[in-house]
Amino acid sequence: MFFPLTTEAVDFTPHGSQPGLQFPLASNADCLSCHQSTQRSSDPYNMPVDTWIGSMKANAMRDPLFWAALDVANNDIPGVGDFCLRCHTPEGWSGGRVVKTGQAAKGIVNVNGSQGCSLQGSFTEAASNHNDYSGVTCQFCHRIESHTPLGQPAATQNADIWLDDAACENSYSGEPCRKGPYKYNDGNTPPPHDWVYSSFLESSKYCGSCHDISSPEILDNGQLSIARKFWHNGQETDVAMPIERTYSEWKNSYFADLIYRDPFEALSTSKQPVLQTGQTCQTCHMPETNETDARACVFGVNRPGNLPTHQFAGGNTWIPQVIKAVYGDDLAANDPVGLDRKGALDLTTSYAFNMLQNQSALVTAQVTAQTTQQLTVAVKVTNLTGHKLPTGYPEGRRMWLQLEARDGNNTVFWQSGAYDNSTGVLTEDSQLKVYETLQGIWNEQNNTCETEDGDGDVMFHFVLNNCIAKDNRIPPLGFTGAGNRELAPVGITYPADPQLAAAVVNYDVTDYQINIDQVALPITLTARLNFQVASKEYIEFLQKVADDNNLPSENALCNRNWTEGPANQNRASYMTSLWQTYGRSEPVPMAVDTLVVN
C-alpha cells in the first residue's frame, strides 16, 4: 500500500475521541497539590503522584528508545507517528499538536506533527506546567469511558478510547467527572472536584485499551482499511497484524477465568474484589498498599489495604535509570518543591526488579541421564505471570536461558547462553534457548516471513510487519489461546495441560547435552533465566535505518535549538550512545537454580 508524504488523505487514528475536545486534558499540575505529598514517610511509596512520576507511563515521552523507534516508523510509513504518539502523549495528541489540529475543515493537518516537532514543553520542563512530554497523564486515565457515546462497549486496543467530554452531572465546577474506584457513600468526605465511581477503572479491559496493539485501521480518502493485514500459515487473513496482545493473553488465561470470562460486563458494583482468588492487571501492576497511614489525597482518609498504588511496574529496569542519568538533575531543579523525581525513578526501578525476580518465573534444573562421557540436563522454566513471558513491546525484548557448568576446580568448562556485558553480544551456541517473538514481512515469492534484510541483519519494522516468524514465549497458566491465530505459539508446540481443560502448560523444558569426559568431579551446574529490554541487534537496526536514510538531527528535523536530548544528532545516534554508556541494557537474572553432580 502506498502512503503519501503528508497525512492529508490518510488518517491513522480514526476511532475514539479526537483532538478538539470541549474540555482539554488538564495538566498534572491540577493533581499535584492534593495527590502528592512528603508530609508522611509513607507518602512517596503510596500516593498517586509520587508512585506515578517515576513510572514509564509518566516518562513515555522521555524514553529515548521510543524516539529512535518513532523515526523508523515514520520513515517506513510517513505520518504513522500519529498512531504512536497517540499513546505516548495523550495531552499533546488530543490537544491537536501531533497531526490532527482539531479543526473541522477537511485536510488541515500538522505535517511535522507525526515526528513530535509541534509538541509543547520539553524533556525537562517542570511538572507544574502544561507539558506534552509528561507522558500518560492523570486526567487522561481518569476520564476514560467504558462505552462509546452510542452505548457500545469501548474498544480494547490501539488507544481507541473515548474520553468523558461533558460536564459532570450536578457539577459545581462545570468540568467532566474524574472517574475513580471509590463511591464515598460511607460517610467519608468526597474530593474537592467533580467525581464519579467507575468500575471500569478496576477492570483488565480498561488496561486492554492500550495494551493490545494491532496494525492500525486507517481512513484513506473516506474509505476504511487495514494498514497491514496479518499473514497466518501462508494466507493473508482479514484481520490486522497483532503487534502486541498482553491483554488478550491475560483474558485467555486462568487468571481471567478465576474472575469472569467477560472482564467488564460481570464487574462487581462494590469496591470489594469480585473474587479474592482472581487477578486482574491491576492486582500485579497497581498492588494494594498495607501501610496503615496510606492515603490517596492529603485531605483523604487512611486506606490500608484499599489503595491501589500507581506503580505500573513492568520489566523495564534500564530506561528509568537512563532517564535519571540524562534528565534527572534538570528535572529535579525544575520540578515543584517536594517532588523527588530521581527518587521516584529509583523506586520504579526497584519495582521492576521485584517484578522480574520475585513474581515472574521459576527455574529448576535436573539431571535426567548421566554417563562417564555425558550429562543430560533438563531445565524447566515456569511462567508465574498472567500473560506470556515475556510480553509487551516485541522489538529487541528477549529472555534466554544461560546454563553454566563448572568442574571440581571451579573452572567453567561448558556454557550455553553466554553473554558479554562489555560488548552486548549473546553467543549463538547450538543449544541456545531464547524466548521472544520475531515479527517480519511476508514474502509472497518464496512464502516466508522475512525477519532479516539482504545483509543478514535482523529487521524490526514495527509498522510494516505483517507476519510472525517465531513466538516461543511461555504461555500463562490455563492459556486457552493456543488455537487462536493471533495468540498461537509459532515455531514451538506447548503440550496440553493435564489438569486444565482446553489449556496448554505454562512451562517449557529444554534438554542440554554436556560432554564431561575427563572432567574433574563434582560438577556444579547453574541455570539462569535472563531478561533484556533492548538487544544489541535492535540498537544496531535503529542506527542502520537512520544512517541509510540520512535521518536528520533533532534540531534540524524540528527546527529547534535545543541542548538537551538528541539535539544535534539524530535520535538513533543518541540512543546508541546511551546504550553504550549506560550498561548496554544489562540483562537481569530473573531466576536461578544450582545443582551439584557427583
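Biologist: Hi! Which residues does L529 touch, leaving out those up to four places away in sequence?
Modeller: L529 touches A361, V363, V381, M399, W400, L401, Y435, V588, P589, M590 and A591, where contact means heavy atoms within 4.5 Å. This is a predicted model, where local features need pLDDT of at least 70 and side-chain atom pairs count only at pLDDT 80 or more, while totals for chains, interfaces and linings use all residues. Residues are numbered from 1 along each chain as its sequence is written, and side-chain values use heavy atoms, with hydrogens and water left out.

Biologist: Which residues touch the most other members of the largest nonpolar core?
Modeller: W67, V379 and L529 do, in a core of 90 residues. A nonpolar core is a set of buried Ala, Val, Leu, Ile, Met, Phe, Trp, Tyr and Cys residues joined through side-chain atoms within 4.5 Å; buried means under 20% relative accessible area (1.4 Å probe, protein chains only).

Biologist: And which helix gives the most to this core?
Modeller: Helix α4 (residues 64–76), with eight residues. Helices are DSSP runs of H or I, at least four residues, numbered from the N terminus.

Biologist: Switching topic, which residues of α4 meet α14?
Modeller: L65, A68, A69, V72 and N75 in α4 meet Y538, I539, F541, L542 and V545 in α14.

Biologist: Nice. How many residues of that contact are nonpolar, polar or charged?
Modeller: The contact of α4 with α14 has nine nonpolar, one polar and no charged residues. Ala, Val, Leu, Ile, Met, Phe, Trp, Tyr, Cys and Pro count as nonpolar, Asp, Glu, Lys and Arg as charged, and the others, Gly among them, as polar.

Notes. Buried < 20%, exposed > 50% of the residue type's maximum accessible area, 1.4 Å probe, protein only. Helix = DSSP H or I, 4+ residues; strand = E, 2+ residues; numbered from the N terminus.
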